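Let's take a look around a protein together. Have the picture open while you read.

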Amino acid sequence: MLDLMTDKVQDETRQGEAFAPFSNDPNQYKKRFYIESYGCQMNFADSEVVASILNKEGFGATRNVEEADLIFLNTCSIREKAEQTVRKRLTEFRKLKENRKGMLVGVLGCMAERLKSKFLEEEKLVDIVVGPDAYRSLPELVIEASGGQKAVNVLLSRDETYADISPVRLDSNGVSAFVSIMRGCNNMCSFCVVPFTRGRERSRDFESIIHECKDLFQAGYKEVTLLGQNVDSYYFVDEAKKETITFARLLEQVALISPLLRVRFSTSHPKDITDEVLHTMAKYENICNYIHLPVQSGSSRILQLMNRTYTREWYMAKVDRIRQLIPDCGISSDFIAGFCTEEEKDHQDTLSIMEYSRYDFSYMFFYSERPGTLAQRRYKDDIPAEVKKRRLQEIVEVQNRLSLESNKKDIGKTFKVLIEGDSKKNEKEWKGRNSQNKVIVFPKGNHDLKKGDYVIVKVNDCTQATLLGEIIK
Ligand code: SAH
Ligand code: SF4
Ligand code: F3S
């Protein structure tokens with residue numbers, strides 16, 4: 001998470017193979033499926049729902065694509081590059097399909113929703129196309145496709161939340177898990193394809209969220225990240241109890257499960273994060289002091305064209321408020337460089353809002369026009385690619401400096417760290433994160449610790465992406 005991602009890096013590194021725990025008995029399952037996820041955390045969480053649906057039908061997961069009867073790609077449409085990555089990956093399955101009779105290839109997620117049956121025309125090897133709200137129909141679609149017919153279900157729903165499905169945890173570290181709390185998005189940011197691929201916003205049943213979080217804690221998980229495109233607009237009416245549950249109340253109830261369960265959330269639209277949420281964060285030590293607060297641009301004129309509904313000044317006041325109520329809060333952001341009509345002075349406004357907000361890290365992209373969006377219909381994508389790239393590079397450079405400065409400020413401080421596992425580079429070191437979502441690496445020493453334990457770590461050094469420390473107790 002601490003990696004500073006450019007457009008290229010983000011689209012290519014968020015992919016990953018996933019597998020569900022499966023039995024050694026080769027006869028237990030009718031078929032084996034392999035699933036690979038692209039895009040945002042929502043997609044990764046959805047793949048766990050898909051795994052659960054398929055498991056119940058007797059399909060077993062495999063991490064070896066060669067032995068799969070079903071290959072699924074859970075796809076992303078957010079930028080053109082993300083779609084190209086998926087198309088390229090599909091071509092790699094062509095040979096495999098020729099050699100393995102009866103093998104089916106399915107496309108899930110946002111690209112499936114955007115392209116619908118056009119996908120089948122454009123990519124001949126695809127047999128199944130399923131949108132994000134139609135995963136319950138997967139078993140039938142697989143049967144249909146096994147009979148030689150192409151199968152499509154891209155119906156969007158006003159109420160599907162998969163509330164009753166217990167996700168099968170894929171590629172999990174056993175410490176942190178994602179929990180979807182809502183689906184869809186009602187905002188109409190002019191650049192964004194998500195409202196078209198994910199449909200209307202709907203909040204998941206409160207009790208089912210609490211249930212899932214409790215189950216995770218009982219299974220040994222120590223951290224849950226509550227997921228939604230705009231978590232702060234979570235809103236659930238409990239008809240029986242005559243109670244309205246806001247995001248602040250949901251956060252509180254999850255935090256009360258146990259002080260040993262860390263709570264994170266993503267993403268917050270700046271317009272919706274309330275004082276009530278900030279006060280709740282400040283009140284509970286186990287709600288992490290970290291907010292991903294995507295600004296997109298620092299120019300009020302561009303923000304208006306983007307339909308973000310806040311101005312530069314309003315956003316800056318929100319950052320002030322966060323720092324006032326939660327002084328040590330980590331803040332990160334997303335940026336789009338080179339949106340329609342962006343002038344040099346708008347770009348300078350973006351660089352200066354970065355300095356003002358002092359982001360700990362950011363995800364940075366250049367504008368990619370998406371078919372069907374408001375911006376595509378209304379505005380010309382008029383910034384030349386070289387200018388977009390140069391501006392993006394300048395944003396990346398400022399962020400790199402800000403990240404290093406932010407990390408240097410932590411030298412000498414101590415943090416409570418949740419151990420997530422071995423450090424990638426050295427198995428004699430642990431890797432974990434502090435409340436602010438910064439990665440800390442430190443020697444294991446002679447302490448009797450395991451992943452999922454909390455430990456107090458003093459920071460002695462840092463790089464731009466990582467804090468380096470030692471165990472204090
Ligand atoms: N719901 C989240 C964003 C989800 S998309 C929010 O509102 O913050 C993640 C990020 O992708 C966005 O914040 C934006 O920075 C980027 N993004 C979305 N559409 C894009 C486009 N057409 N071109 C480039 N970047 C885009
Ligand atoms: Fe897209 Fe805006 Fe919704 Fe985020 S809030 S998913 S950027 S429309
Ligand atoms: Fe991509 Fe869909 Fe997420 S477009 S970013 S996978 S909601």
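Here is a short tour, from the overall build to two spots where residues gather.

This is a predicted model, in which local features need pLDDT of at least 70, side-chain atom pairs count only at pLDDT 80 or more, and totals for chains, interfaces and linings use all residues. Residues are numbered from 1 along each chain as its sequence is written, chains are lettered from A and ligands numbered from 1 in the order in which they are written, and side-chain values use heavy atoms, leaving out hydrogens and water.

The protein has 16 helices and 22 strands (DSSP runs: H or I of at least four residues for helices, E of at least two for strands, numbered from the N terminus). With 473 residues, a compact globule would have a radius of gyration near 23 Å, and the protein's 22 Å agrees with that (taken over C-alpha atoms; the rule is 2.2 Å times the number of residues to the power 0.38).

Now for ligand 3. Among the residues around it are C40, N43, R198 and Q229 (near means a heavy atom within 4 Å). Domain 1 (15-153) and domain 2 (176-409) each supply at least three residues to this shell, with bounds from an automatic or database domain assignment.

Here are the residue classes in the shell:

| Class | Residues around ligand 3 |
|---|---|
| Nonpolar (Ala, Val, Leu, Ile, Met, Phe, Trp, Tyr, Cys, Pro) | five residues |
| Polar (the others, Gly among them) | four residues |
| Charged (Asp, Glu, Lys, Arg) | one residue |

Finally, how much of the protein is buried? Of its 473 residues, 58% count as buried, meaning under 20% relative accessible area with a 1.4 Å probe and protein chains only.

How values were computed: Buried < 20%, exposed > 50% of the residue type's maximum accessible area, 1.4 Å probe, protein only.
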